[in-house]
Amino acid sequence: MSRTTGRRISILVVEDDPGDLGLIRTNVRLAGLRQIGDKDPVVWASSLADGIAAVAASRPDVVLLDLSLPDSAGLATVETMRAAAPDVPIIVLTGQDDHQLAEAALQAGAQDYLVKDQLFQHDALGRAIRHALVRQRLESRLRLFEAALSSVANGIVITDVSSAIEWANPAFTRITGFELAEAIGRNPGEILNSGKQDARFYEAMWQTILAGQIWSGELVNRRKDGSLFDEALTISPVTGSDGRIQHFVAIKQDVSERKAIEERVQHLAHHDQLTDLPNRILLTDRLFQSLAQARRERGTLAVMFLDLDNFKPVNDTLGHDVGDLLLKEVALRLRACAPRDSDTVARLGGDEFVILLAQIDKAGDAVVVAAKVLAAIGRPFAIGPHRIEISTSIGIAVYPQHGEDVNRLLKNADTAMYHAKKAGRGCYRFFRELAETADA
């Protein structure tokens, strides 16, 4: 049992000279790799073919490989054994004290290169075997870590302190479209920059990570094909034993689908499902904002409350499916009548709509829009084989004359709409406080 490893080890010696084999066995015993009573850890193969067969039959812990064998010689011997035992450390044993050959052997896959007549010097063979076993365990752990990092769904990128990419996992390629070979040595911020974040965004990021702190946030990045995606990003500084930052590790997650779902949920919460117009919640919010702006600027706005005339007979005679299609067409025409970004066309439910005219100069501007609406809704609608003729009644309340808060303006516009109904439908009426009070 080895004092170093704490377990029995298996050493495959691929050597055609029995004398050299005896020398190796003596070195193994003197190195403490075999104790009295232990089974001989050395397995002998006198040719490369026998060595490969021994590797296949029982994986050894280490291979001691002579470069001159009956069926192979030189670097090809190392390359062939490395291909047969890719995870087993190989120590080359040779009679040639050749530094160039030693370097070539290491590049071919050997872990160490020893000259046979120097094996007894300073426990050379024992140290080489022990070191090979330790390195093998460390390399196994590194392979495990790399396999784990390569299998995760999130992109992982390791950069140097100047942000040049040194390693990235396959998920990085899947998310960004950049192969590892294309990304090595390049700055992620340069190859993925979408232009959606300004310089201050990146300055704050760098201030955080250069201070040794973890930065987390969301940004919009650009794939290799030019398409944009939403990304959740966490960057962690990695420091050396001296406390200085040596690397950065970035974990990247494509959250485009999640963001799209969130945006869709928000849209559904604030829009009418049938017409896709803003609903009462969004209308109220925009009305609050428009009123606040009008107060600051001492401006004017108008709220128009619409109710379709003779809509119920459409549902009763042609069915709700036709009625729904009619409401969609009405919504399109109303949008065309109030096309400014500052205006809002909303559906409250049923056949009730509201138009918010923000930032108007005078009450007369609402009359212009009301006339467009009456003309647009008054044109016949072709819904399938049906020609449908309807009209609308409109009530108008103007800030600040007819109310200074959201609820008062909506209530007074609704009241004015009912007076338009009483006046014969297909028309508009402004709210008149004295007249409305008298009629009540």
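Predicted model: local features only at pLDDT ≥ 70, side-chain atom pairs only at ≥ 80, totals over all residues.
Residues are numbered from 1 along each chain as its sequence is written, and side-chain values use heavy atoms, with hydrogens and water left out.

Q: How are α11 and α15 oriented to each other?
A: Helices here are DSSP runs (H or I, at least four residues; strands are E, at least two), numbered from the N terminus. The axes of α11 (residues 280–297) and α15 (residues 406–422) come within 10 Å and cross at roughly 115 degrees, where axes are lines fitted to C-alpha atoms, for helices over the stretch in contact, and angles run from 0 to 180 degrees between N-to-C directions. Angles under 35 degrees count as roughly parallel, over 145 as roughly antiparallel, 65 to 115 as roughly perpendicular and the rest as oblique. The two helices α11 and α15 are therefore roughly perpendicular.

Q: Which residues of α15 make the contact with α11?
A: Contact means heavy atoms within 4.5 Å. On the α11 side, the contact is made by L283, T284, L287, F288 and L291. On the α15 side, the residues are V406, L409 and L410.

Q: How many nonpolar residues does the contact of α11 with α15 have?
A: Ala, Val, Leu, Ile, Met, Phe, Trp, Tyr, Cys and Pro count as nonpolar, Asp, Glu, Lys and Arg as charged, and the others, Gly among them, as polar. The contact of α11 with α15 has one polar and no charged residues. Its nonpolar residues number seven.

Q: Is α2 roughly parallel or roughly antiparallel to α3?
A: The axes of α2 (residues 48–57) and α3 (residues 75–84) come within 10 Å and cross at roughly 20 degrees. That angle makes the arrangement of α2 and α3 roughly parallel.

Q: How many charged residues does the contact of α13 with α14 have?
A: Helix α13 (residues 320–337) and helix α14 (residues 364–378) pack at about 150 degrees with axes 9 Å apart, and the two are therefore roughly antiparallel. V330, R333, L334 and C337 in α13 meet V369, K372, V373, A376 and I377 in α14. By class, this contact has seven nonpolar and no polar residues, and the charged residues number two.

Q: What is the phi of D276?
A: D276 lies in the loop between α10 (256–270) and α11. Although D276 is not a glycine, its phi is positive, at about 65 degrees.

Q: Which element supplies the largest share of the lining of the largest pocket?
A: The lining of the largest pocket divides into twelve nonpolar, six polar and two charged residues. The largest share, four residues, comes from α9.
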